[in-house]
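The structure comes before the details.

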Amino acid sequence: MSLRSASRQTLVPQVVEQLQEQITSGEWPVGTRIPPEPDLVAALGVGRNTVREAVNALVHAGILERRQGSGTYVLATDELTGAASRRLTGAKLDEAVEVRRAFEVEAARLAALRRTPEDLRLLEAALDARERAWADGDAASFVEVDARLHMAVVAAAHNSMLAELYASFGAALRASLSERIGSVLTPESYCDHSGLIAAIRAGDPVAAATEAGSYLEIA
């Protein structure tokens, strides 16, 4: 992925193109974390500032997303989906919940019809991680683990367009979860997701959709 020496004005668009190629080729799928900045600098053979400007450009386009203390993640494969991400991130909470419902109810229904043994293994692991995070009592960590469970359900639907659109919803999803849960975990804010996973495991699309909709009731 190495680039020849040139001015930064010339190099930044080249680095942007290289990074986009890694994304569109599937080497860095939507939802995955890209290599840290020092690794990109070494791989591309350019300066840290050039890499930073290129990454910033893709963040601004909605293709990448920085997560505090976690790294930079692929949010979309193109600017159209990235634009949807920016719109969702700035949405009102009730609008975000409505969009979550549209995504997650259908994803749960499809997951019940299409899940594979590997999907079930990942879903069970994500559910266990969610329960452990709740028991640990850290609200911010729980939100992150809870979001991963929802993403695993969407992945089990085996619809690449749905998965990409849902990944673009990442920041709004976490904001919605944080608002519902608050800064401190309390028994009143707990929402059991074992019924959802059980319905997907049983291959029951109606029950899975009902379970997914039950924790996203719109007032």
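## Salt bridges, cores and a helix face

Glu-144 is buried, at a relative accessible area of 19%. Buried means under 20% relative accessible area, exposed over 50%, and partly exposed in between, with a 1.4 Å probe and protein chains only. The model is predicted: local features need pLDDT of at least 70, side-chain atom pairs count only at pLDDT 80 or more, and totals for chains, interfaces and linings use all residues. Residues are numbered from 1 along each chain as its sequence is written, and side-chain values use heavy atoms, with hydrogens and water left out.

What does Glu-144 meet in a salt bridge? The partner is the side chain of Arg-67, at 3.8 Å from N to O. A salt bridge is a side-chain nitrogen of Lys or Arg within 4 Å of a carboxyl oxygen of Asp or Glu. This pair links distant parts of the chain: Arg-67 sits in strand S1 and Glu-144 in helix H7, 77 residues apart. Helices (H or I, at least four residues) and strands (E, at least two) are DSSP runs, numbered from the N terminus. Arg-67 is buried too, at 13% relative accessibility. A network of salt bridges joins Glu-65, Arg-67, Glu-144 and Arg-148.

The structure holds eleven salt bridges. Three of them are tabulated here.

| Pair | N to O distance | Relative accessibility |
|---|---|---|
| Arg-67 and Glu-144 | 3.8 Å | Arg-67 13%, Glu-144 19% |
| Arg-109 and Glu-106 | 2.7 Å | Arg-109 32%, Glu-106 32% |
| Arg-121 and Glu-118 | 2.7 Å | Arg-121 47%, Glu-118 40% |

Arg-109 and Glu-106 are three residues apart in helix H5, so about one helical turn separates them. Arg-121 and Glu-118 are also three residues apart, about one turn, in helix H6. Arg-121 is partly exposed, and Glu-118 is partly exposed.

Strand S1 (residues 64–67) pairs with strand S2 (residues 71–74) in the antiparallel sense, over four bridges. Two strands pair if DSSP finds at least two bridges between them. Arg-67 stands opposite Gly-71 in S2. Three residues lie between the strands, and Gly-69 takes a positive phi near 75 degrees.

Next, the nonpolar packing. The largest nonpolar core has 21 residues, and Leu-123, Val-153, Leu-196, Ile-197 and Ile-200 touch the most other members. Helices H5 (93–114), H6 (117–136), H7 (139–156), H10 (194–202) and H11 (205–214) each give two or more residues to this core. A nonpolar core is a set of buried Ala, Val, Leu, Ile, Met, Phe, Trp, Tyr and Cys residues joined through side-chain atoms within 4.5 Å. Beyond four places in sequence, Ile-200 touches Ala-108, Ala-111, Ala-112, Arg-115, Leu-120, Leu-123, Val-153 and Ala-208. Contact means heavy atoms within 4.5 Å. A second, separate core of 20 residues includes Ala-107, Phe-142, Val-145 and Leu-185.

Which residues of H11 are buried? They are Ala-208, Ala-209, Ala-212 and Gly-213. Seen down the axis, the buried residues of H11 fall within an arc of 130 degrees, so they line one face of the helix. The arc is that of the directions from the helix axis to the C-beta atoms. Val-206 and Thr-210 are exposed on the other side of H11.
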